[in-house]
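The following note sets out points for a colleague who has the model open. Please read them with the structure in view.

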Amino acid sequence: MENKYNVLRSLQILGVKQEDLVTCEKIGKILASSSSPLKDVFYAAKVGQVLQCSVKEADVKVRFATMKMIEFCFNNWFQ
């Protein structure tokens, strides 16, 4: 609990507000939203992994398929 207090206190000192903190719920919304920029989806996936968020596969399946398609096109067009 002491470590959590220290982290929260550090965030308070840095001026980070409660609404700025990332939660698994926010991660899920970003990953599931078709209007989220791909950059946000990429970082949401990374943060979600660090936070060990569980995400419904169906919510993100289409987004990751789109990202794989973009990766495939990028790798084949720009080499």
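1. Helices (H or I, at least four residues) and strands (E, at least two) are taken here as DSSP runs, numbered from the N terminus. On that basis Val22 sits in the loop between α1 (2-13) and α2. The model is a predicted one, in which local features need pLDDT of at least 70 and side-chain atom pairs count only at pLDDT 80 or more, while totals for chains, interfaces and linings use all residues. Residues are numbered from 1 along each chain as its sequence is written, and side-chain values use heavy atoms, with hydrogens and water left out.

2. Overall make-up. The chain contains 4 helices and 0 strands, and from the N terminus the order of elements is α-α-α-α. Contact is defined as heavy atoms within 4.5 Å. Among contacts between residues at least 6 apart in sequence, 59% join residues at least 24 apart.

3. Accessibility. Residues are called buried under 20% relative accessible area, exposed over 50%, and partly exposed in between (1.4 Å probe, protein chains only). Of the 79 residues of the chain, 14% count as buried. Accessible areas come from the Shrake-Rupley method with a 1.4 Å probe, and for residues only the protein chains shown count as cover. The chain exposes about 6,800 Å², of which carbon and sulfur atoms supply 60%.

4. The core. Which residues make up the largest nonpolar core? A nonpolar core is a set of buried Ala, Val, Leu, Ile, Met, Phe, Trp, Tyr and Cys residues joined through side-chain atoms within 4.5 Å. The largest one has 5 residues in all: Ile27, Leu31, Val41, Ala44 and Cys53. Helices α2 and α3 are the elements that give two or more residues to this core. With neighbours within four places in sequence left aside, Ile27 is in contact with Val22, Ala44, Val47, Gly48 and Cys53.

5. The nonpolar surface patch. Patches are made of residues with over 30% relative accessible area and no salt bridge; like charges are joined within 9 Å, and nonpolar side chains (Val, Leu, Ile, Met, Phe, Trp, Tyr) within 5 Å. Val22, Val47 and Leu51 form such a nonpolar patch, with about 210 Å² of accessible area together. Val22 is partly exposed because its relative accessible area is 45%; Val47, in helix α3 (residues 38-51), is likewise partly exposed, at 31%. Apart from neighbours within four places in sequence, Val22 is in contact with Ile27, Val47 and Leu51. Val22 and Gly48 are 26 residues apart in sequence, and their C-alpha atoms are 9.1 Å apart in space.

6. The salt bridge. A salt bridge requires a side-chain nitrogen of Lys or Arg within 4 Å of a carboxyl oxygen of Asp or Glu. The count by this rule is 1. Glu25 and Lys29 form a salt bridge through their side chains, at 3.5 Å from N to O. Both residues belong to helix α2 (residues 24-32) and stand 4 residues apart, about one turn of the helix. Glu25 and Lys29 are both exposed.

7. The aromatic pair. Rings of Phe, Tyr and Trp (its six-membered ring) pair if their centres lie within 6.5 Å; planes under 30 degrees apart count as stacked, over 60 as edge-to-face and the rest as tilted. A search of the whole structure gives 1 aromatic pair. The ring centres of Phe42 and Tyr43 are 5.0 Å apart and the planes are at 80°, so this pair is edge-to-face. Phe42 is partly exposed at 38% relative accessibility, and Tyr43 is partly exposed at 44%.

8. A backbone point to check. Gln52 is not a glycine, yet has a positive phi of about 60°. Gln52 lies in the loop between α3 and α4 (57-77). Is Gln52 buried or exposed? Gln52 counts as exposed because its relative accessible area is 71%.
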